[in-house]
Amino acid sequence: MSSIKETQKNSSQGKALWRSLDEFADTDEFRALVEKEFPNHAPELFHSTSRRHFLKVMGASVALAGGLAGCRWPQQQILPHTSRPEGRDPGAPVSYASCWEQQEVAEGVLVTSYDGRPIRVDGNGDHPSHRGSTTAQMQASVLGMYDPGRSSQPSHVTADGHASAEWLGAISALRKAGRSGKVAVLAAPSSSMALSAMRNRLLREVADSSWHEWAPLHRDSERLGTAQLFGRPMRPVADLSAAQVLVCLDADPLMNHPASLQHSSDWAALRTSADDDEPILSRVWSVESTLSVTGGVADVRIPARTADIPRIAAQLAAATGVQLPADVAAAVASAPPSTDDRIEQMAADLKSHQGSCLLMAGDRQPAEVHALVHAMNVALGAVGKTLSYAEVAHGERPAHIDDLQRLADRIGQGEVETLLLIGVNPVYDAPAIGKSWKDLIGQVPLSMHLGLYDDETAGVCQWHLNQTHFLEEWGDGRSWDGTVTLRQPLIAPLYSGRSALEVISAVVDDEAKSGHDIVRGVLQPLAPKDFESSWKKWLHDGFVAGTANTVASAPDVTGGWGPALESAMQTVSGKEIVFLPDHSLFDGRYANNGWLQELPDPITKVAWDNCALISPVLGSELGVKNGDLIDLSVAGANLSMPAFLLPGQNRDSIGVALGYGRLISDRAAGRLSRKPSLYQIADGVGFDTYTLRDADAVRAGYASVSVSRGEGNYPLATTQDHNPVRPEDFMGDLEFNEEQRKIGEFVRVVDTGFNPDASEVKAQVEEAGPHHPDLESPWTEHKYRGQRWAMSIDLNVCTGCSSCVVACQSENNIAVVGKDELAYGREMHWIRIDRYFRGDDVENPEVVHQPLTCNQCENAPCEQVCPVAATVHNEEGLNDMVYNRCIGTRYCSNNCPYKVRRFNYFNNTKNPSATEQMGYNPDVTVRARGVMEKCTYCVQRINRSKIKAHNEKRDLVDGDVMPACAQSCPTHAITFGDLADPKSQVSLTQKSHRAYKMLAELNVKPRTSFLAKLRNPAPREEG
Amino acid sequence: MIKRLLAALSPVVRPELTGNAESPEVDNTAYSPDSRVDLITGANDNTTITDKVCSIVEQKPTIGWWGFFLLAFSVLGLLGIFVPFLIFWGVGTWGVNNPVGWGYAIVNFVFWVGIGHAGTLISAILFLFRQKWRTSINRAAEAMTIFAVICAGMFPGIHVGRAWFAYWMFPLPNQMELWPNFRSPLIWDVFAVGTYFTVSLLFWYMGMIPDLATLRDRAKHSVRKIAYGALSLGWTGSNRQWHVYERSYLLLAALATPLVLSVHSVVSFDFAVSQVPGWHTTIFPPYFVAGAIFSGFAMVLTLLVPARQLFGLKDVITLKHLENMNKIIMLTGLLVGYAYSQEFFMAWYGGVKVEKFAFINRAFGQYAWAYWIMVSCNVLAPQIFWFKKMRTNIWVMFAVSIFVNIGMWFERFVITVTSLANDYTSSAWDYYSPKLADVMIMLGAFGLFFTLFALFCRFLPFIAMSEVRGVLADQAHSRAAASARHSSEAAADSASGS
């Protein structure tokens, strides 16, 4: 028989086989190993006396030699992640720049991501157009991405009604449509250059195609008006920091404007120059029918019907006596002389502030008013100082409503085989053009809808394709001043959706391109050489520097629109209904967003519903109180809505917000039979006012309405006083009671002029509060070593926009409680904005806003009464809420004079959906039922900054820590920092002559100071 | 007809077994300077007292008792339904919100604790003042106290957001090394109410031992013998045991006396120590104590006026006893009314705007309806007792006792809810209205109270027999002394006359 060695060599497996360790020890390989390991000892080992001894000694080597591999388990290599790629630390947040777009204007945002999950949207402070703040809608967009009610897959209706579908099928249908031609696209307007490029390709390459744009809230008047005035459409880029006199004609530049963040920041910067050594306080005039956010902070407000504003504009032009083209001047002269001396004063202010004044007109005003306003701006020397103009892309487009008409005509003439709807919802928000949009779309052989939600329009189309959210897609946009802003995805599409760019590419390209490639392709010309490093830089920054396109000088003014202006001034008397964008839901696109639905309206404080805003005078005429239904009738359409008596509303005008009455789960075509999901929270909320808005109302912004008392009462959920004014109060003497007068202590307002005197202001601020002696402490007070966190809130610049409320909700995992619980008074917002009306005139009161959070009182009344010590004070002055110790007696809330504590009455976070859980901020506990919670001055941010500073071996500097509210505030009203640092912003603001503390006489020693509001009212004639 | 209905429903309707017929109402309220009226009227001696009281326990319960007990028990069942609902779903089942974090639960808590004070006052304070008339009512009143404190103690346990951690309010050593926050009035409540319950229970039980022994001695069934035997702790009635008993009784009375003043003062600190306008006043401790005694006596009346009728105890709990209680009700009612006026005066005099507003708001704001119910029931209703005829009228005093209970409940409601609903920051003002669970749990507490009281009537001696016998003895002595005096005077007269 062959030797063992031979057998081993001949082994078919290629590995040496041996039957015992003895055998193995005898092999050459093993000997070689031993010699390698023990070079000096090998000989004696192999010549030792007994094999047993040998094996005992060499046992380990035998095992390790790998010769036992024949009986080893299969080896798998794992690699520790010791050298990680940059930005992949688990649990460490990473920020990426992206771009958010609304109303065709992009804003740069910085999105924070944890472990690949974007959880926060903040402003991109580096972006040249915008200062790092956000609107409430931008803050809430992250919830929009995680919205479990979003459509999660394409669906397709066939003859037998079957519904679910795959993207591959959709893409082939799209390509087929592209090849056959007669494609019409109805898309949301966008400033995206990539989308514009794809649009051009589609129009070129697909036969008989057309592209239409629709947005229910349009900005056509400004475009068309400036086109009338300058010969081509221009975009006014305002600089409110130089406008000492600002006149807003039905305009809301601080809230409802694509550049609201820039306007807010600039206006606030000028407002705070009232604290300078040479103080200047601006004066804002507002002429509008319904209180807007800008109207609320205006120094002088004139409630006027929307329909009357063209006449008022003409009267103003006449009073200022500016140079105008001849036909325009004639039209202006034909306006009846004004009986309101405030218009005279407005004109006087404008004349005395030439070069530092600005007029702005709102979207609902006709184009001629915009033309007149800009003619006045040019004549008053605003250009180059408070105003510059930028070129408008695709300026030759028709008005959106005309574009819709064009599409309806094409459909009617059978010229459309495929209708592709991208990010629009005409069945819900477009007026009927001849027929309803349901019928019009039904006429098209193939209709495909790309959208975030399976909404009203998706319900009537054959295909619904789920769109990516902006956080999931590649894209671009241009900001208000024209800066090219980039959008990069932070997460792969949650539901395998595709973006608009990719869907258009599927139509025109045989191989559908990715959004990434499309955007790169479009941006290539901006950096012809060295594109790769430019691209990286642009992605890092979020924008392309140097692409702003404003010009400082205005084109020449032309006339020819005088007669149009004159006819715009002709109005009928009677009541008008004005269609307003909702402060939270905008045009209804955010209706399924719980944070925005629960956000109380800045002026009415109504949440979860819209209502008909009427003047208290009209309310008394109709005999209604808040919530009573009134019947509105516009051109044959009827709607019954709850009334809300809003002080400051013009008595012949009724304001209604758009965006409610959605039916996201409607299956009108009988497509998907699934029951309405509990995630379609928009359904049944509010009243669909689009039903009253016909094409004329879209053009005009308002319509004639007849109103009558309806039947019944609809409960409205408000977070604040349920009746801001009782109808019986204002007939006759308006005597606000003692407690209402006390409001002047909480929100101290000082009426002053263009140049306020600091010592006078200081005296008045102190006078507004209760007199009390210096409160001495009977015991030795705690000495704070280390940081002393504090906050100051400048009421002079708070507009009430409520961005801080949503920012706090996003940062701190605050639950949404729903309408019923909110009506009970159980909303969970840690920061709230109290809105008070001031003054005796219920038809034109002043509005004051006061954001209120936990004041982290040094002598906290809540800490003393908690029986289980669940709320305690820490060494840096914060009042710590210990959730796991709280048993929920609610004594702390009772004892809090500010009532800023929030109790979890139910389990508000029971069974969150998987995507909502992804959206929670992992740094903040999610609270269970039965515990109290409140603002913590974003202690998690304080701690993260301290850790970061410690790792970088440095001290914290002022500005390192910014709570979410302070970071998001567009006017930078909230300052946060360390009182122990005498040079920190907060130390300086707390020593301001305008500073005071709320309810300080209770000796609670709050850490938050408020800075009094200054108002610059126009001097009235005595008598 | 009504008499027959009442007779049919009466828990003890077979007075023939006890050998005394339904005794007529004897008016022993007359005041005479040279002689004391009989506290125990009728031809009563030790045996009849014993028989009267023990027969209530020994006879089979009537339909009346069963009806009352089952009704109370079914109302108690509401607790069994709604409390688990509350614990399972959360405090949101109630109507409390922000800013009104305390609603019916705390109102009921204070209401029941207040009621308990009357029993302790009767048992302890009147004992120290040697008011012999307390002996007919102290057992039932102290039982009322115990049951009231049980009802009260339930509410803080269930009104917290996480009831399963309510024990953290007790200073039990734990692995977190955390004591409760002793600065909080809610912890003081834990100690005060806990002490109150313990002392009251001990005092009541200890006082009952001789009577339980009586029941043991008379018991015919072995279960009763064993039960009462165990409860009476081997009482033999020896001289030494009586001596020890009397000493202990005095000591416990002395211990319980300060509790009458301190417990509700501490409960009032829940409000007074906070800084809520309308709560933060130093008048609260005496005001609450007066109110507690006021409502407690009213509840005693509510219980005893029907009980004396239905158990045939009109000669033991006589009109004099009831009149004395009515006088105390009037006194404390006047104190409470005075306290209301002082609150208003101080709010005006002190000049603190928010305090002035708080009181005007109470009277004329969104809860004005509750305020005026409170004032008419608490201030106006007892004024009728100025008239002796009214003080001694059974129906009037029963009606007034009901009004006073309603009024005192509304007083706690007005204090708790109006101050919270409209305090410093006007933007936070809101309205509290109860939800179904609030009302059901409140009713359930009444069910618990009456169930326990029904069981007490059934199984335990309703009247302190041993103490009443002492009063009888005194009565007999003073009668004998008086008759001796009369006869000696008569003899002197006749001697001087002849």
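Let's start with chain B. Its mean pLDDT, the predictor's confidence in each residue from 0 to 100, is 91, and 95% of the residues score at least 70. One stretch of chain B, residues 17–21, falls below 50, with seven contacts in the model beyond near neighbours in sequence. Contact here means heavy atoms within 4.5 Å.

Some ground rules. This is a predicted model: local features need pLDDT of at least 70, side-chain atom pairs count only at pLDDT 80 or more, and totals for chains, interfaces and linings use all residues. Residues are numbered from 1 along each chain as its sequence is written, chains are lettered from A and ligands numbered from 1 in the order in which they are written, and side-chain values use heavy atoms, with hydrogens and water left out.

Now chain A. Its mean pLDDT is 88, and 89% of its residues reach 70 or more. Residues 666–676 of chain A stay under 50, with 20 contacts beyond four places in sequence. Residues 722–736 of chain A are also below 50, and that stretch has 29 contacts beyond near neighbours in sequence. Where pLDDT is low, the predicted coordinates should not be read in detail. For the model, ipTM is 0.92 and pTM is 0.89.

On to the interface. Chain B puts in 56 residues, chain A 55. Together they bury about 4,400 Å², 50% of it on carbon and sulfur atoms. That buried area is the accessible area (1.4 Å probe) that two parts lose on being put together, summed over both.

How many salt bridges cross between chain B and chain A? Two, by the rule: a side-chain nitrogen of Lys or Arg within 4 Å of a carboxyl oxygen of Asp or Glu. Lys353(B) and Glu745(A) form a salt bridge, at 3.2 Å from N to O.

Which helices of chain B each supply at least two residues to this contact? H4 (63–89), H7 (185–218), H9 (239–272) and H12 (353–364). Helices are DSSP runs of H or I, at least four residues, and strands are runs of E, at least two, numbered from the N terminus. H4(B) gives the most, with four residues.

Last, a sheet in chain A. It is open, with three strands in the order S7-S12-S19, paired antiparallel. Pairing needs at least two DSSP bridges. S7 (234–238) and S19 (550–551) of chain A are the edge strands. S7(A) and S12(A), residues 387–391, pair over five bridges. Arg235(A) sits opposite Ala390(A) in S12(A).
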